[in-house]
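Please keep the sequence and the model in view while reading.

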Amino acid sequence: MRQGIQSVELAMTVLQALEEGLGPMTLSQIAAASGMQPSKTHRYLVSLGRVGLVAQSSRSGRYDLGPAMRRLGIEALRRMDEVALVSEHLPALRDRTGHAVNLAVWGDHGPVVVRWEYGSYALPITVRVGATMSLLTSSIGLVYLAHLPKTLTGPLLRGQLGTPGAPDRDELDGLIADVHRTGVAVTSGGVVPGVVSVAAPVFPAADSLPLAVAVVLPARQATDTVLASVASELLRSAQAMSKELGNPER
């Protein structure tokens, strides 16, 4: 194990306590959350305050994250490549499920596939990177319909309703409700005959648009047991990806 500086790690527990407190906190609250005595916690707060990572209100005496911490957070978000960070998780998800995995982002004309990892099972055809997916017949599209505001999806949706193989409005409402209930969207043969796709959202921090990750498998492999296992792995991975992007609540 590489040697580190314990005081830095302890200071981080104080900052984490403030982060998880979701608002200004008293000294006793921070001490309890960080697992340290109040006197020791106070010394860390003084040092963190000197460098701007923590600020104390002169009126209430409570502590909160300081201006230097806000600048660090903004800069970290500016430097973050969401697609690259999420893409690092795709091979592991592929290996755990054995099936192909793809990643999509929201583009001008709908969801666009930006990454594809081939699985162990041959598919009749694969969707090329750069392809724009249907909102109504792809699992990725249903994920975006469930989690994006209608102001974004409405214009595209109106152009796709009524097309061959697309659900009607009542069916669509049920599909979207299922996405919210289960956390995933499942389609069979909607994009490619003989292929089942299971998709879930990945939520970045702040107000960024979500990404969508899908596991794609041959329909002959898609038993109820396999789909349940795939959905579980996908949801676990999507949560880890959201956390990687700074959204621990998802």
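Two residues are said to touch, or to be in contact, when they have heavy atoms within 4.5 Å of each other. In this predicted model, S87 touches L103 and R115, residues up to four places away in sequence not being counted. S87 belongs to helix α5, which covers residues 82–87. Because buried means under 20% relative accessible area, S87 counts as buried at 13%.

## The sheet

Strands of a sheet pair through backbone hydrogen bonds, in either a parallel or an antiparallel sense. Here, five strands form an open sheet in the order β4-β3-β7-β6-β5, and their pairing is antiparallel. The edges are taken by β4 (110–117) and β5 (185–188); each has a single partner strand, so one side of each lacks a neighbour in the sheet. From one strand to the next, the twist averages 25°.

Strand β7 (residues 211–218) pairs with strand β3 (residues 100–107) over five bridges in the antiparallel sense. Within this pairing, V101 stands opposite V215 of β7, and N102 stands opposite A214 of β7. Strand β6 (residues 195–202) is joined to β7 by eight bridges, and these two strands also run antiparallel. The bridge partner of V196 in β7 is L217.

## An enclosed strand

How many of the residues of β7 are buried? Eight of the eight are, so β7 is largely enclosed by the rest of the structure.

In a regular strand the side chains alternate between the two faces of the sheet. In β7, L211, V213, V215 and L217 point one way, while A212, A214, V216 and P218 point the other way. The residues of both sets are all buried.

## Helix α7 and its partner α9

Two packed helices are described by the angle between their axes and by the distance between those axes. Helix α7 (residues 139–147) and helix α9 (residues 169–182) pack at an angle of about 85°, with their axes 9 Å apart. The two helices α7 and α9 are therefore roughly perpendicular to each other. On the α7 side the contact involves L142, L145, A146 and H147, which meet L172, L175, I176, V179 and H180 of α9. By class, this contact of α7 with α9 has seven nonpolar, two polar and no charged residues.

Helix α7 has eight of its nine residues buried, so this helix is largely enclosed by the rest of the structure. The buried residues of α7 are S139, I140, G141, L142, V143, Y144, L145 and A146.

In soluble globular proteins, nonpolar side chains tend to be buried together. The largest nonpolar core in this model has 21 residues, and those with the most contacts inside it are I140, L145 and L172. At least two residues of this core are supplied by each of β3, α7, α8 (150–160), α9 and β7. The largest share, six residues, comes from α7.

Leaving out residues up to four places away in sequence, L172 touches L136, L142, L145, L157, L161 and P167. A second, separate core has 19 residues, including L90, A231, M241 and L245.

## A buried methionine in a loop

M133 lies in the loop between β4 and α7. Is M133 buried or exposed? With a relative accessible area of 10%, M133 is buried.

Apart from its neighbours within four places in sequence, M133 is in contact with P111, V113, V127, S138 and V191. M133 and A104 are 29 residues apart in sequence, and their C-alpha atoms are 8.9 Å apart in space.

Helix α1 (residues 6–21) packs with helix α3 (residues 38–50) at an angle of about 90°, their axes being 10 Å apart. The helices α1 and α3 are therefore roughly perpendicular to each other.

Where α1 and α3 meet, S7, L10, A11, V14 and L15 of α1 face K40, Y44, L45 and L48 of α3 in contact. By class, the contact of α1 with α3 has seven nonpolar residues, one polar and one charged.

Notes: Residues are numbered from 1 along each chain as its sequence is written. This is a predicted model: local features need pLDDT of at least 70, side-chain atom pairs count only at pLDDT 80 or more; totals for chains, interfaces and linings use all residues. Side-chain values use heavy atoms; hydrogens and water are left out. Axes are lines fitted to C-alpha atoms, for helices over the stretch in contact, and angles run from 0 to 180 degrees between N-to-C directions. Helices (H or I, at least four residues) and strands (E, at least two) are DSSP runs, numbered from the N terminus. Angles under 35 degrees count as roughly parallel, over 145 as roughly antiparallel, 65 to 115 as roughly perpendicular and the rest as oblique. Ala, Val, Leu, Ile, Met, Phe, Trp, Tyr, Cys and Pro count as nonpolar, Asp, Glu, Lys and Arg as charged, and the others, Gly among them, as polar. Two strands pair if DSSP finds at least two bridges between them. Buried means under 20% relative accessible area, exposed over 50%, partly exposed in between (1.4 Å probe, protein chains only). A nonpolar core is a set of buried Ala, Val, Leu, Ile, Met, Phe, Trp, Tyr and Cys residues joined through side-chain atoms within 4.5 Å.
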